[in-house]
Structure formats: structure tokens, C-alpha cells
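Hi,

Here's the structure I promised to pass on to you.

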Amino acid sequence: MRVLLVEDYAPMRNALARGLTEAGYAVDASSDGEEGLWYARSAPYDVIVLDLMLPRLDGLTILRTLRKEGCDTHVIILTARDAVEDRVNGLNAGADDYLVKPFSFEELLARIQVLVRRKYHHKDPVLCIADLQIDTIRKQVHRGRQPIDLTAREYALLEYLARRAGEPVSRTEIWEHVYDFHDSAQSNVVDVYIGYLRRKIERPDAPRLIHTRRGQGYILEARP
Amino acid sequence: MKLSLRTRLLLGTAGATACVLLSAGVLLYRQIESQLRAEFDHALATKASLLASLVEEEKGEFEFELDDRLMPEFVPGDHAEYFQIWPENDTTTLARSRSLGGHTLPIAGVGPSEHLSSVPEKTRTPATHSGAVNTAPRFRDLLLPDGRLGRCVTITALIRTESHEVRSPTRVVVTYARSIASLASALQRIRSLLIWVSLAAILLSTALLLASVRAGLKPLSELARAISALRPDQPSTRMAMRTPRELTPVVEQMNALLQRVETAIQGEKSFSADVAHELRTPLAGLRSTLEVSLARQRDADDYRVDMAGCLSITTQMQAMVGNLLCLARLETGNLPRREEPIDLHTLLSDCWKPFEDLARDKHLTVTRNGTATHAFTSDKDLLRQVFTNLFENAVHYADAGGFVELDTQTCPTCTQVTIRNSGSQLSAEDAPRSLEHFWRGDTGRQHTGQHCGLGLPLARRLLEHLGGTIQVSSQKGGTFVVTCTLLQHTGTGMSEPERR
């Protein structure tokens, strides 16, 4: 899943970016409002974590602009102002959630997870496709009773495919949702990682789950 | 003990009314008394003239005919009147009333040993008929033979003569006296009446004044009630202007005061909110860094990096809290001030040192002009804090490749330090706001959270504490200029208004 983090306070930005990356998210981080808005318009993020007090363009203005342009990406607002009026203003401007600093990083992760599930219309944090189980909270994958050990990038790819289970997902979409801007753009990276996933997930005695649809991309689904 | 406004008004107006009424009463009484006395004297003179007309002269002999039945007042009795008549220039009594007995009436206007002839001729008026008075009547108060207080009149009058010889007219001197008891009684009654009427008028007017003063001061009571109804948790309340014209300035000033109080309270609330907000951000940075660091097992180097980051944040928070404490002490006047010789050149150099590396990294052109060599005394630590804040502000907000200029000038009474930096993002209108607590031209914290908007305000307050002043100016996209003026010492001590 791809997350945009817009936070000008460097220690917090660095800590959150590192934490989200380690949690398996592709993270793009920006330190000012104008750059943040550019990022938000440039890629289909799953969640935007947005600070309100930003240089050059404040968070509420970014939010209102995005909503006006029809962007429905989920947004969590981060701010040190906890007055009811501030929260109401933020939510009324189109935010999906609001966190008051200082907050628990675990809570931020959990709220981002909620918004991701909401985006893909999944209530259950455990995704199940045939006998493949993906626990999106613990980042654990099982096929049947067999645990599967995946790298962070492999897990992120699998989770994205699982959230879009049954739909063809193009390489571009995979790239946009699983890789951040700083990754070198190589078109075969996705294919390589799909290959890694297949090697770890597919079983000779179990139905294939990752399918290639020529010209459209990849589909994660159980086929008889 | 101070008198109330009501008492003052009442005493003042009642006193004035009493004075006016009493003065009027006295004046009226005097007028009446004068009139009554004049009438009494006129009656005396008329009676004396009548008596003179009863005197006749025939062949050198004077005859006086008085019928007691017609004038019973001249017989001895309780209310007797008296008269005595002399020929002019003769002390022999021509006639006297029976009521006189053996007593003699004086001649008014003439001394005891003098005769009426001593009255100057010019005071005599021409007499044309018998009984006509040809001298002005002269009056005099006296004690009557019966012991009562009386008043007499003496006239000189022509008398009737039977002689056909042409010779000088014959005159007689008539003194007529009667009691003034009736006059005194009338005056006494009038006096009493006037006194009682005046007292009643004073009491009535005092009562009316009391009511009108009470009514007149009622708006004041209502104003006091309105002021007492003001609640400290509703600073936006204002007082209604429905008051008499005289109280309008009071209400206006009260509303202006409430406005200042509201502004101060809002400022305090805003300041507290700003402090909480500014402290929350580094705390959030600390927490996030620590939580992410502890989320998984890491290398020692990674932990070291995270700990260093936390230490940096803690140091920034410490600086912020230090600034806030300093501001709080300045506000309450609890910041001590030392006096020591200051070498400004050395001080500025010391304050600049920590920023040399950053200035080099940003490729800033740093210039220093002026030689402020005039020594003065001040608090070195506080001045150090001032210039450190100003240099920090200049270096951090200068654009990369820009410049920072330091200029010092000395005049007989002051030393000026001017710091300029390029790359200002503040307009001329916003420049003064940079001296407000927590105000920042941009709302972000670009440089690791240090600049929360306290540096310049603190520098300003410290300079003011040291007796100096600070001014800022800016042009968006141009130069930001801070000018500090430090007052010099006189030979005997700190120059005004440096001493507070």
C-alpha cells in the first residue's frame, strides 16, 4: 500500500516514514504543503497522512483542494491542536480521520489500516483467498496451516493483490501502490517480485492463486 | 472619612438654598423694617406738625389749645404719648402734655446744652403756612417717662398769629414722643414669620433635593450594578450606552477597558494554546522516534542514531522551555540584571561563532561593518542571548547563497547593532508581527522544529529589560533588518530611561 506523508517537522517525518516503510508501506514523504499537493495529485495513494501546520501551503487548504478536484483518497490529519473546533474543521474539510500529537505510532498504523480496508471494502483485517490467509495486522501469511515467510516488499505486493482479489491488477497499478517514488523505475521489477511470490505461495497440491492475464496484469484468485 | 456623592450634593445644594433663603429673608425683613420705621416716623412728624398747628400767637402771647377729650393719648395713662413745645430760640416751655408730668423731652438732633437755633439755617425749609415744618424732622430714640422704649421727633414749625404787623414769622419747636411698642411688636411678628417660613422652605427644599439627588444619582447606581454584574468568564461583554450624557464617557472608557482586558485574556489563552501546541510537536517527534525505534530489533548504530535524534529534540525543547521561562520572568519582573563592562566587538564575535558552519554550508556572504568600541555596562549573559537569537534568526532564514550583514554604530548616548539577512519572506506589514510570541511568517517548522516564534520576541523583551529597543523591517523577497539600540551609560550610572 502506498502512503503519502506530508509533515514538515523533520524528526517526526523521518520517524514516521521509517516506521511506515518497515510496516510494509511504500512511503513518499514531503516537508511542505506545495510539494505535498503535487505528490497527492501525481499518484493514487491509498492513504495520505497530512499535517496541518505546513509551510507554503497549509494542510486544510491541501485537503479542500484535493476534495474539490474529486480526489477521494483517504486522509488522516495530524496536528497538535486538539480543540473541538479544530477537529470539526478538519473533518468538515474532508478528512477521514484526525490524530492529535503526540500519538502512538501503533495507533497511527491501526488507523491507516482501517482506511486501507475501507478503501478496498474489507472489514476483516484477515484476507482469505482459498486457503491463503493474510493477516494484515500481524503481517503474517499462511497457506493452509503452513506459514509463509515473505519479505516486506513481497508482503506488500501480496497484500495489494489480495485486496484486489478477483480483479486484474496492472503492473502500473502495482508499481503505483507498492513502490514509492524513490524506487528506481524498472518495468520488470514487478514481474520479478511476482515470480518470488509465486515460488513461495504456490503449491503443487493446491490450486494456483496468482494468475497472469495477458495485457491486463495479474489476478489473485482461486481457480479450480 | 470621605463623604458620599449624594451627601456632598445634598449638603452643597441644601446649604446654598439655605443661604439664599436666609439672605432673602434678612433682606426682606430689613426692607419691611425700614418701611415700617419710615411710616412710624412719618406718623410722628405728622402728629408733631398737628401739635404745632395748635399753637397761636396773639399780641406776643402764645396760646396752645388742646382738648384732652380730642387727644386722650396725652393724658397720663398706660399708652400715653408726650409732647413739649418751645418758642424758637427760647428754652421756656410753651406747652407740654399732661402725661409728661415733671419730665422734659429732649430736642432731637440737638445736644443737651444746645438749642434748636444751633441747627444750621440751611437745613431749614421755607415755611409758608402755620404748622409748616421748615426744618427736616429729626428723630431720636429715647426712654419715655413711663419707662417704655419710645421714639421722638422734633420739628420747627410756623405758628398762626393774629397780629397784622409785618414782622418775622414766629416759629416754635415741637418735640413729640410715643412708644415704639407697637412697631417693635409688629417687627417681632414679621421676624418670627420670616424665620419660620425660611426654615420651612429650607426643610421642604431639602426634602425635594433629597428626592431629586436620589433620582439624579440613580443612573450611577445602575452603572455600578452593571459593572458588578460583569463576569470574568465573559470578557466580550460590553456595557450598554443607555446612560445620561454625563456618564457616557465613563461607559465608553469602561468598554474600552473591557476591550483591552478581552484582548489580554485572548492573548493569554492564545499564548497558552500556542505553548501547548509548540511543546506537543517536539514531544510527538520524540514519541514517534522512540516507538519506531523500539518496534523491532535494531543494530546498536541504529539505536545510537535514534537516541541522538531524541537528544536533539530534547535539547530543542529545553531551549524552548528556557525561552518561555525567561519570558515569564520578564513579564513578572523577576529576571535579575547584572552590570558589567561589555566589549561589544568580542561579545558579537562570540555569539556569531556557533553559526559560522551553518553560514558556510548555506554559502552565505557574511560582512561586518562599524567598530563599536565604546565600552558600556550591561548584563553580558542577557545580551549574549539577544544576539544569539538574532544571529540564529538571520542565518536560518537567509536564503542559500544570500548574505548576513552586521553593522555597529556608536553615538554619544547609544550603541546600535543592525543585523540584515537576505531572503526575507516577510512583507513590510508583517515585519512588526515577527516580534509577537509564536508568530511565524510561514506556518511550518522547516528547521528541525527550533523556530517556534520565540526568538525575536524574547530578544525584544530582553533588550527592553536592559533599557534598549529593537526595531524590525522587511521586504518580501528582500532584506530583513533588525536594529537594536543600546543606551550608553552616563558617568554616574545608567542613563534614563535605562533605569526602570
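Below is what turned up, starting with a sheet and moving on to aromatic rings. Keep in mind that this is a predicted model.

Let's begin in chain A. There's an open sheet of 4 strands there, in the order β6-β7-β8-β9, and the pairing is antiparallel. β6 (126-129) and β9 (146-148) sit at the edges with a single partner strand each, so one side of each has no neighbour in the sheet. On average, neighbouring strands are turned by 25 degrees against each other, ignoring direction. If you zoom in on β8 (residues 140-143) of chain A, you'll see it pair with β9(A) over 3 bridges, in the antiparallel sense. Across from V141(A) you'll find I148(A), which belongs to β9(A). Helix α6 (residues 152-163) of chain A packs on this sheet and touches β6, β7 (132-135) and β8 of that chain. The helix direction makes about 110 degrees with that of β7(A).

Now the rings: the whole structure has 8 aromatic pairs over all chains. One of them is Y193(A) with Y196(A): the centres are 5.3 Å apart and the planes are at 80 degrees, so this pair is edge-to-face. Both belong to helix α8 (residues 188-201) of chain A, and being 3 residues apart puts about one helical turn between them. Y193(A) is partly exposed at 22% relative accessibility, and Y196(A) is partly exposed too, at 31%.

Over in chain B, W352(B) and F391(B) are also edge-to-face, at 5.4 Å centre to centre and 80 degrees between the planes. Are W352(B) and F391(B) buried or exposed? Both are buried.

Cheers!

Note on methods: Residues numbered from 1 in each chain as written. Chains lettered and ligands numbered in written order. Predicted model: local features only at pLDDT ≥ 70, side-chain atom pairs only at ≥ 80, totals over all residues. Heavy atoms only, no water. Pairing = 2+ DSSP bridges. Helix = DSSP H or I, 4+ residues; strand = E, 2+ residues; numbered from the N terminus. Axes fitted to C-alpha atoms, helices over the stretch in contact; angles between N-to-C directions. Contact = heavy atoms within 4.5 Å. Phe/Tyr/Trp six-rings, centres within 6.5 Å; stacked < 30°, edge-to-face > 60°. Buried < 20%, exposed > 50% of the residue type's maximum accessible area, 1.4 Å probe, protein only.
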